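Let's take a walk through a protein structure together, one piece at a time. Have the sequence and the 3D view ready.

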Amino acid sequence: MVLIKGGTYTPLYGRDSLKVTVSDFKMDVYPVTHEQFLEFIKKTPKWKRSTIKKLFADKNYLIDWKSDVEIGAKQSLKAPITNVSWFVAKDYCKTQGKRLPTIDEWEYVAMANKTLPDARPLKTYNEYILSWYEKPKTFNNEIGSTFKNYWGVYDLHGLVWEWTLDFNSVLISGESRKDVDNDSNLFCGSAAIGASDLMNYAAFMRYAIRGSVKAKYALKTLGFRCVKEMSN
Amino acid sequence: MRNLKSTLLLLLILLSGLSCKNTTETSNDLTTYYCPMKCEDNKTYKTSGSCPICKMDLIAHKQAVSEPLNESDLSDESIFHLSSLWNTEKGESIQLEELKGKTLVVVMIYTTCKAACPRLVADMRNIEAQIPKSNLENLRFVLVSIDPKNDTPKRLKEFALENKMDGKHWVFLQGTESGVREFANVLAVKYKEISPLDFSHSNIISVFNMGGELIHQQEGLGVDHKETIQTILDLTTKN
């Protein structure tokens with residue numbers, strides 16, 4: 001893990017004060033790999049593919065694995081684990097004495113490029129992410145195969161999407177895309193939600209994914225990593 | 001001695017009940033058998049064996065009978081698998097499983113909410129008003145706070161009294177931040193703290209059967225609750 005020095009920034013979706021303050025924390029350098037997840041699964045039978053309750057994962061959970069404790073033939077031990085649900089990702093981190101990052105924390109670290117903590121104004125930064133969206137099957141690539149960012153963290157962009165602790169705080173519904181303003185029925189206080197940087201299409205995609213997944217979904221393109229709060 | 005006997009008897013009853021549940025192939029009264037060739041159309045037979053016409057082995061037909069809930073028998077999709085701890089407005093600490101056996105009508109709110117929650121709460125009361133008194137016994141209306149920091153058991157109790165929701169079929173729950181997030185994810189409820197004391201959240205009323213399986217969800221405010229009410233009636237008048 002590496003230390004992330006906290007700070008204040010404006011995320012794509014601000015709160016009413018727009019700025020968000022993130023405290024110091026530590027973040028995993030890489031996403032969790034098949035190898036690490038396999039170790040975890042062996043010790044935690046309740047999350048095995050054959051025993052997991054439907055409440056906690058849909059049918060795509062570890063779908064490409066050969067068995068409960070063997071990864072698929074085409075999968076690499078060093079590639080990021082995907083096809084995992086939020087419930088299991090959350091428990092994995094907890095078992096390690098860590099937790100999933102919040103959206104604010106994840107986005108804060110992911111603003112960086114190789115040299116700057118906030119590279120979002122740079123054209124190259126956004127282009128890099130968008131070019132990743134065009135590449136197929138990057139979830140098969142091994143960890144560390146993208147760049148090391150300002151904080152010393154790899155693979156935030158370029159391999160897989162990642163679960164966040166509070167992904168379900170993204171309030172975008174099908175209804176909110178319509179012109180008519182009837183989603184005030186769905187969401188209390190929805191007027192306070194709005195994109196603060198509409199140019200940031202790359203980030204918009206991430207929020208759209210978060211707004212559309214459910215916690216039991218296990219997607220092939222969605223992995224995770226953990227963070228740890230600093231004890232004072 | 002008599003005590004021992006009655007304990008043994010009880011054990012026997014329990015065991016026979018359990019074994020009955022665990023075996024699927026034994027011919028209890030509910031199992032019927034049918035011929036794979038359907039020689040006599042859809043005729044079913046009460047005992048296993050072979051078809052009187054083509055002599056092929058009969059196949060057991062499991063009937064979907066709604067049995068009373070078995071203690072050890074939670075469905076895979078039951079919310080009672082969640083192990084988080086909750087405080088009630090009465091100050092008790094419970095797990096969701098302690099609500100097992102009741103039909104649950106669940107909504108997520110927070111008590112400082114000025115916009116949608118009063119309407120959500122009104123919706124819950126409207127639903128309650130349309131349920132016959134005799135059904136309330138098997139029913140719990142559960143209001144889960146998405147603001148565990150501010151909605152203490154004391155605050156929830158006050159809220160219950162203010163809104164005349166202090167009957168024993170109303171339950172208010174304060175969880176932990178992580179427990180609430182997890183619960184919201186099971187209900188597919190979204191919420192976000194906008195500022196202290198103010199949240200955005202989706203307005204969803206969910207109905208669970210007594211095994212904790214999600215049966216019905218209604219999204220939106222002031223919408224027609226006919227379906228929700230019908231679901232509740234179906235679930236609470238079955239026996």
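Before we look at a sheet, here's a term we need: two strands pair if DSSP finds at least two bridges between them. Keep in mind, too, that what you're looking at is a predicted model.

Let's start with chain A as a whole. Chain A has 5 helices and 8 strands. Reading from the N terminus, the order is β-β-β-β-α-α-α-α-β-β-α-β-β. Chain A has 232 residues, and 41% of them count as buried. Now take the contacts in chain A between residues at least 6 apart in sequence: 73% of these join residues at least 24 apart.

Now for that sheet. In chain A you'll find an open sheet of 3 strands, in the order β1-β4-β8, with antiparallel pairing. Its edge strands are β1 (2-4) and β8 (227-229) of chain A, and each of them pairs on one side only. Direction ignored, neighbouring strands of this sheet are turned by 30° against each other on average. Zoom in on strand β4 (residues 25-27) of chain A: 3 bridges join this strand to β8(A), and the two run antiparallel. Which residue of β8(A) stands opposite A:M27? That's A:V227.

Time to hop over to chain B and look at helix α6, residues 226-236. Its buried residues are B:T228, B:I229, B:I232, B:L235 and B:T236. They cover an arc of only 130° around the axis, so they sit on the same side of α6(B). Here's the background to that: an α-helix has 3.6 residues a turn, so residues three or four places apart point the same way. What do the buried residues of α6(B) pack against? Their partners in chain B are β6 (103-109), α2 (117-129), α3 (133-136), β7 (139-145), β11 (204-208) and β12 (214-219). On the face of α6(B) turned away from the buried side, you'll see the exposed residues B:K226 and B:Q230.

A:L62 isn't a glycine, yet it has a positive phi of about 50°. You'll find A:L62 in the loop between α1 (34-43) and α2 (86-95) of chain A. B:K164, also not a glycine, has a positive phi of about 50°, and its place is in the loop between α4 (153-162) and β8 (170-174) of chain B.

Is A:L62 buried or exposed? A:L62 is buried, because 27 other C-beta atoms lie within 10 Å, and 20 or more is enough to count as buried. B:K164, in contrast, is exposed, because it has 9 other C-beta atoms within 10 Å, and exposed means 12 or fewer.

Key:
Residues are numbered from 1 along each chain as its sequence is written. Chains are lettered from A and ligands numbered from 1 in the order in which they are written. This is a predicted model: local features need pLDDT of at least 70, side-chain atom pairs count only at pLDDT 80 or more; totals for chains, interfaces and linings use all residues. Helices (H or I, at least four residues) and strands (E, at least two) are DSSP runs, numbered from the N terminus. Two residues are in contact if their C-beta atoms, placed from the backbone, lie within 7 Å. Axes are lines fitted to C-alpha atoms, for helices over the stretch in contact, and angles run from 0 to 180 degrees between N-to-C directions. The arc is that of the directions from the helix axis to the C-beta atoms.
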